[in-house]
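This report describes one protein chain, shown below. The text covers confidence, overall make-up and a few local features.

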Amino acid sequence: MIGSLGFFELTLFGIIALIVLGPEKLPVAARTLGRWYGNFRRASQRLQSEITNELQLLETQELLKKELDEIRQSEARMKAQMDALQQSLNRTEATLQTSKRQTMDAWQSDSPTHDASHQHNLASSDDKNRQEAHAIATAITLPMTNRWFLLSDYDRRRRLPPAPHLPNYAADPLLNQPNQTL
């Protein structure tokens with residue numbers, strides 16, 4: 001509005017205001033007009049910023065809703081995959097149990113004698129097999145357990161605790177003096 005007015009228009013406006021208001025009231029009117037104009041500009045800027053913030057808030061809420069929907073969909077997919085894996089695991093376990101039963105039944109039917117020493121040998125061999133399987137499983141899950149000798153010198157120094165510091169009484173005679181009371 002003021003940018004479109006030229007110098008001539010502003011001069012003409014000032015002369016008319018001087019004639020109408022007089023020299024005493026012109027500075028007071030100019031101050032009041034300036035305050036109103038400043039208040040109007042601040043209010044319009046505040047309104048614009050509030051509208052912009054509301055629009056950004058709405059956009060952010062829409063983005064959050066989309067992200068939540070994507071998270072829920074991925075959660076549903078993961079749950080379906082977990083269910084499928086659980087069913088597969090259950091089927092595999094059932095198959096192993098049936099094959100184990102069939103093998104045991106076939107083995108027991110092939111051996112005509114079932115004396116106590118033979119059964120004891122079977123139990124001890126079964127325990128050995130379980131211990132070996134447990135050792136293998138432990139070795140797979142804990143790769144560096146009880147294998148400190150495979151570490152390099154740097155790793156050994158880094159992983160093993162430092163040696164304790166012991167005082168050298170021969171080198172420091174002040175440490176080896178008996179308590180003397182005065």
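pLDDT is the predictor's confidence in each residue, from 0 to 100. The model is predicted: local features need pLDDT of at least 70 and side-chain atom pairs count only at pLDDT 80 or more, whereas totals for chains, interfaces and linings use all residues. Residues are numbered from 1 along each chain as its sequence is written, and side-chain values use heavy atoms, with hydrogens and water left out.

The mean pLDDT of the chain is 78, and 68% of its residues reach 70 or more. Among the elements of the chain, helix 1 has the highest mean pLDDT (89) and helix 2 (residues 116-141) the lowest (61). Where pLDDT is low, the predicted coordinates should not be read in detail.

Helices (H or I, at least four residues) and strands (E, at least two) are DSSP runs, numbered from the N terminus. The chain has three helices and zero strands, in the order α-α-α along the sequence.

Accessible areas come from the Shrake-Rupley method with a 1.4 Å probe, and for residues only the protein chains shown count as cover. The chain exposes about 17,300 Å², of which carbon and sulfur atoms supply 61%. Buried means under 20% relative accessible area, exposed over 50%, and partly exposed in between (1.4 Å probe, protein chains only). Of the 182 residues, 3% count as buried.

| Residue | Relative accessible area | Class |
|---|---|---|
| Leu12 | 44% | partly exposed |
| Asp69 | 41% | partly exposed |
| Arg72 | 51% | exposed |
| Ser99 | 31% | partly exposed |

Leu12 lies in helix 1 (residues 7-110). Together with Phe8, Ile15, Ile16, Ile19, Val20 and Leu21, Leu12 makes a nonpolar surface patch of about 730 Å². Patches are made of residues with over 30% relative accessible area and no salt bridge; like charges are joined within 9 Å, and nonpolar side chains (Val, Leu, Ile, Met, Phe, Trp, Tyr) within 5 Å.

A salt bridge is a side-chain nitrogen of Lys or Arg within 4 Å of a carboxyl oxygen of Asp or Glu. By this rule the count is one: Arg72 pairs with Asp69, with the closest N and O atoms 3.9 Å apart. Arg72 and Asp69 are separated by about one helical turn because they are three residues apart in helix 1.

Ser99 is also found in helix 1. The Ser99 side chain reaches the backbone oxygen of Leu96 at 2.9 Å.

Note on methods:
A polar contact is a pair of N or O atoms within 3.5 Å; within protein, one must be able to donate a hydrogen and the other to accept it, and residues adjacent in sequence count only if both atoms are side-chain atoms.
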